[in-house]
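Subject: Handover of a structure

Dear colleague,

Please find below the structure that I am handing over to you. I would be grateful if you could read the notes after it with the structure open.

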Amino acid sequence: MLTHQYHHRCFRVQNLRSDRTVPRLTVTLGRNLQTIGYRTLYTCTANHGPIVQFKLSDIGEGIMEVTVKEWYVKEGDKVSQFDSICEVQSDKASVTITSRYDGVIRKLYYDVDATALVGKPLVDIETEASEEDVVETPAMAREEHTHQEIKGHKTQATPAVRRLAMENNIKLSEVVGSGKDGRILKEDILNFLSKQTGAILPPAPFQDIRTPPTAPPPSAAPRPVFTGKDRMEPLKGFHRAMVKTMTAALQIPHFGYCDEVDLSQLVQLRSDLKSTSEGRGVKLSYMPFFIKAASLGLLHFPILNASVDEGCQNITYKASHNVGVAMDTSQGLLVPNVKNVQLLSVFDIAQELNRLQTLGAAGQLGAADLSGGTFTLSNIGSIGGTYAKPVILPPEVAIGALGKIQVLPRFDPSGQVVRAHIMAVSWSADHRIIDGATMCRFSNLWKDYLENPARMVLDLK
């Protein structure tokens, strides 16, 4: 509800115009969109404008609460539209909240590291008053979905979809919805974008990419201090989010499968392509090959790129291969995803990974980067592990953990001992809908692509 508080108000007879009506105005807050009628009451304010309770809007993906990580304003600060107010985090996203009003901050409702609830007031803003102010009528009613007025007709889309369209400068009126009653889905936005430009989603607006700070050398790190005392502190931030995510994840019966892959040919191919890639300004690691091989395998085993509802009564086969990559960032473990891998070359994937890694190092991954994943790979080998038991990220149904690449002795076809670049892979699948044979066949196909990587050259889609 938008609450207007007027101080030192004086009423003037000439301002009461009972025969005059005020145009209707549409305002958006969170999931709600409703036409608000205004009365014909005009007032004169002495010094202050109305106080607006600026609520935390829905940021999509079913997120109902976030942690306030940093305030960019304090009480008494003047703000304008699109000025950054604070940064909030959930288990899926880190989002910068921007002002929708011009005015002065009068109240902050949460301390740093406190939990803020979607739909509840975040700050009070005293908006700039004019000679004649209008008093608003009651609060907006909640609806399951929001309807957006565009050029005389209603376009149906959830807040998350509307935000995704806005971030990519896409008019919803130009997108054909594939959902029920013409509702526009995330897949419709992504397909529209790929057909229009063939590009990957750009970073979220109003966020400048800052160069990550240089880490101090190991010798400069402070020595740990042993106090000899137990210490208790509340779980908050990412630790608290992880409790919820992992509790839900471990309700899934996991099926595990491990194998090893000979990457000797891939090591040589990457070495041959490294200078070409760097000439294009892109760092080429092994991960783009792993991601592309997974997408090629998912074309044959689409059930691994699916999701199930909470009661496991329905399965949805995802059209897009949005492959998540677990990243160890300064914000904690985050899983951004590369969108529409089925449409990309290895080089395209490398470009997008470079962008995501830059944002992750700077702590600037946005909701568009972190949401919508359909399949996940976790590169534990970058830290040093060999085997793992990865935990599925619901609503996904499969995940893979990649070990470090080791040079080990192996026998060639003629029986001679040779040097081989070996990597272990550990898969976990939702055993309610995926059987062992399916997981094994997918792994074998993925392994075959990597052991014979010639078909995954830089520009091959």
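Predicted model: local features only at pLDDT ≥ 70, side-chain atom pairs only at ≥ 80, totals over all residues.

Residues are numbered from 1 along each chain as its sequence is written, and side-chain values use heavy atoms, with hydrogens and water left out.

The chain as a whole

The protein chain contains eight helices and 24 strands (DSSP runs numbered from the N terminus: helices are H or I with at least four residues, strands are E with at least two). Of its 461 residues, 45% are buried (under 20% relative accessible area, with a 1.4 Å probe and protein chains only; exposed is over 50%, and partly exposed lies in between). Among contacts (heavy atoms within 4.5 Å) between residues at least 6 apart in sequence, 65% join residues at least 24 apart.

The four-stranded sheet

An open, antiparallel sheet is built from four strands in the order β8-β7-β5-β10 (two strands pair if DSSP finds at least two bridges between them). Because β8 (94–98) and β10 (115–117) each have a single partner strand, one side of each is left without a neighbour in the sheet. Within the sheet, β5 (residues 65–71) and β7 (residues 84–89) are joined by four bridges, and Val68 has Val88 in β7 as its bridge partner.

The six-stranded sheet

A further open sheet has six strands in the order β15-β24-β23-β22-β18-β21, and its pairing is mixed. Its edges are β15 (254–262) and β21 (337–338); each has a single partner strand, so one side of each lacks a neighbour in the sheet.

Helix α8 (residues 436–451) lies across β15, β22 (375–378), β23 (398–411) and β24 (417–430), at about 20° to β15 (axes are lines fitted to C-alpha atoms, for helices over the stretch in contact, with angles from 0 to 180 degrees between N-to-C directions). The covered face of β15 carries Phe255, Tyr257, Asp259 and Val261, while His254, Gly256, Cys258, Glu260 and Asp262 are on its uncovered face.

Yours sincerely
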